[in-house]
Amino acid sequence: MYERFFGLVDAPFRLTPDPRYLFLSRKHADALAHLRLGLSESSGFVCITGDVGTGKTTVLRHFLGELAPESSVAYVVNPTLSPLELLQTINAEFGLPARRTSKKELIDHLNRHLLTQREAGSRAVVVVDEAQALSMEVLEHLRLLSNLETTTEKLLRIILVGQPQLRALLAHPELAQLNQRITLRWHIGPLDREETMAYVRHRLEIASEGQVRDVFSGPALRSIHGRSHGVPRLINMLAHRAMLAAFADGRRTVTLGSVRRAYREVLTLPLPGRPSKAPRAAAWTNAALAVGVVGLAAGAVSVMPRLRPIAPRAATNESPPAVAEPAPEPPAAQAPPVPDDAPPPAPAADAAAATLPEPTAEAAPERAAGSDPAPSQVASATPPAADPPAPAADPSPPAPDSHPSAEAPAPAPTPPAQDAAAAPHVTPPPPAADTTQQIESRLAALDSAASARAALDVVLHSWQVPSLSADETTTADDFDHIADRRGLEHLALRGNTAMLRLLDVPAVLELQLPGATGPRYAALVGLRDGSPLVAIGGGPPVAVSQAMLERAWYGQAHVFSRDFEALGPGTINGHSHGARVTRLQGLLKRIGTYDGEESGLYDAATASAVLDFQRSRYVSADGIVGRLTRVALYAAAGGYPRPTLSEVDGDKS
């Protein structure tokens with residue numbers, strides 16, 4: 001539409017992974033170098049990870065385009081396959097017989113082909129995109145395929161490309177042998193500000209055949225970076241809409257105003273209709289309370305949330321506990337939709353006021369392979385009308401004190417911690433009234449690392465786990481390890497306050513201040529009268545306005561949770577079976593969306609129950625239970641010792 005107006009011959013900001021537009025930032029160049037090295041070596045797997053929208057597939061397509069014509073490639077784009085289907089897909093990609101149902105016959109055909117390739121001096125490569133969606137069983141079969149070798153080299157090069165939760169999945173004890181065979185690893189992070197500016201100019205130069213570079217003003221480019229956090233897919237979306245806005249106004253320079261307008265248009269979707277009631281009113285009342293309310297009466301406020309387990313009703317040894325009794329709370333308002341993870345992130349839920357591109361996540365991140373979550377949005381000044389993206393959430397093994405592994409018999413739901421419930425409730429003074437300027441000054445006085453450490457300590461304290469030690473670093477890349485050491489899971493996502501109300505646990509918010517170098521971090525510890533309460537630098541919580549959030553928070557949040565029922569790591573989908581599925585069915589039964597047998601089989605009834613839950617909670621309805629859906633399930637079921645935002649959301653008496 002606007003290409004000729006700006007002197008372009010092609011659309012510069014399409015979302016498809018066109019290798020012609022590959023921008024080799026330092027991170028992307030290193031990823032490409034790892035892929036090339038993995039092809040020349042034959043010692044093991046190559047693993048490339050990156051958040052949703054960071055350009056993994058574009059790098060991969062460029063790499064595949066470099067391969068010599070005699071190389072044979074099996075490109076697996078749908079990893080939600082059974083082991084047999086994976087073998088059939090690989091053989092079909094190599095042009096081999098693929099209809100057989102005997103794994104032995106399929107592997108024999110593959111082995112003969114690989115030996116022929118080697119004798120001809122050619123290489124065979126298997127590339128699995130969106131590999132975070134692979135089941136552990138399929139990953140183990142991939143490891144066995146790597147045993148096809150001669151005495152001096154592997155016959156098959158295997159490349160795994162996926163979102164950040166792939167790293168945690170590979171760290172599972174059951175995949176130790178596979179993890180040891182990954183000799184080359186690289187993580188693609190977002191672009192920094194200078195790279196973002198160069199990225200936009202690079203795409204314009206390609207699209208204009210070298211004639212156009214400077215269409216965007218400097219403030220416009222800086223705003224695009226701040227609002228996209230350097231994620232190439234979000235940069236493309238904002239830049240495209242900003243150019244449309246400038247074209248509509250007849251301006252040949254894209255200004256800051258065009259970017260602001262584009263941001264509002266790209267990240268705002270209409271609110272969904274009201275969800276239908278579930279069969280069990282009590283369970284859905286509990287689920288609604290987890291969402292939180294935009295306008296609750298002011299009440300007692302804690303400096304940081306306490307663990308408040310809800311005691312379940314008495315249960316016999318033969319039957320699981322009934323739905324937990326929630327504490328009396330005000331009725332919940334409706335919120336916008338949220339697509340589910342792994343996210344990715346977005347990098348990352350059911351938000352009754354937000355929509356997510358899963359998503360991610362861990363995003364985001366629970367989508368079927370090949371699906372790309374849409375971007376999320378920050379909370380707008382008017383109550384909930386935003387759509388958060390996925391987050392890319394990084395699954396990690398369950399805590400040592402949580403339920404046994406998936407091979408163990410399905411245990412009863414985790415009993416709440418009674419000692420936490422017995423703690424006396426002390427009502428501290430209400431949060432200090434702090435102006436936006438004062439809040440920004442307090443944040444600016446801290447450097448990025450100090451603000452992250454303070455915010456993390458607040459959230460960790462709310463979960464009653466050890467604080468950070470002096471030798472622990474606090475960059476966003478370290479959050480997974482920090483959580484894992486304490487038996488928690490870390491979910492990085494991009495969303496808005498409506499989504500955080502839904503998840504109903506404290507979170508670390510990543511803020512961008514004007515003129516500041518690097519992000520600043522604050523701990524979201526509660527919601528009061530619809531306003532977020534944040535703790536800054538270890539001080540008491542203060543209420544922040546939606547206007548400040550819209551200016552400083554672009555939706556990046558870090559949520560910490562516990563996998564109480566050991567449903568992870570990884571996802572549960574149509575190929576899953578065993579104790580994890582049994583525990584999922586029991587949890588869905590408690591919530592009221594499933595009335596079948598706890599068979600351990602992910603059958604049609606179980607898939608339907610998961611989809612119903614995701615739709616009712618405004619999670620992207622893909623039938624895959626990942627990090628985001630798990631957090632939403634625990635919030636809906638209740639009865640777990642978890643800190644909540646609603647504890648300071650109003651008067652509970």
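I began with Asp18, which is buried at a relative accessible area of 18%, just inside the cut-off of under 20%. This is a predicted model, so I read these values as features of a prediction.

Which residue does Asp18 form a salt bridge with? I found Arg20, with the closest N and O atoms 2.9 Å apart. Arg20 counts as partly exposed, with 48% relative accessibility.

Next I looked up Glu149 and found a salt bridge with Lys154, where the closest N and O atoms are 2.9 Å apart. Here Glu149 counts as partly exposed at 42% relative accessibility, whereas Lys154 counts as buried at 15%.

Then I turned to Arg630, which forms a salt bridge with Asp563; their closest N and O atoms are 3.8 Å apart. Where do Arg630 and Asp563 lie? I placed Arg630 in helix H21 (residues 627-637), and Asp563 in the loop between strand E12 (553-561) and helix H19 (579-591). The two residues are 67 apart in sequence, so this pair ties together separate parts of the chain. Buried or exposed, I asked of Arg630 and Asp563? Arg630 is buried, with a relative accessible area of 1%, and Asp563 is buried too, at 3%.

I also checked for shared partners: salt bridges join Asp10, Arg14, Asp18 and Arg20 into one network. That brought me back to the Asp18 and Arg20 pair I started with.

Last, I noted how many salt bridges a search of the whole structure finds: 23.

Key. Residues numbered from 1 in each chain as written. Predicted model: local features only at pLDDT ≥ 70, side-chain atom pairs only at ≥ 80, totals over all residues. Heavy atoms only, no water. Salt bridge = Lys/Arg side-chain N within 4 Å of Asp/Glu carboxyl O. Buried < 20%, exposed > 50% of the residue type's maximum accessible area, 1.4 Å probe, protein only. Helix = DSSP H or I, 4+ residues; strand = E, 2+ residues; numbered from the N terminus.
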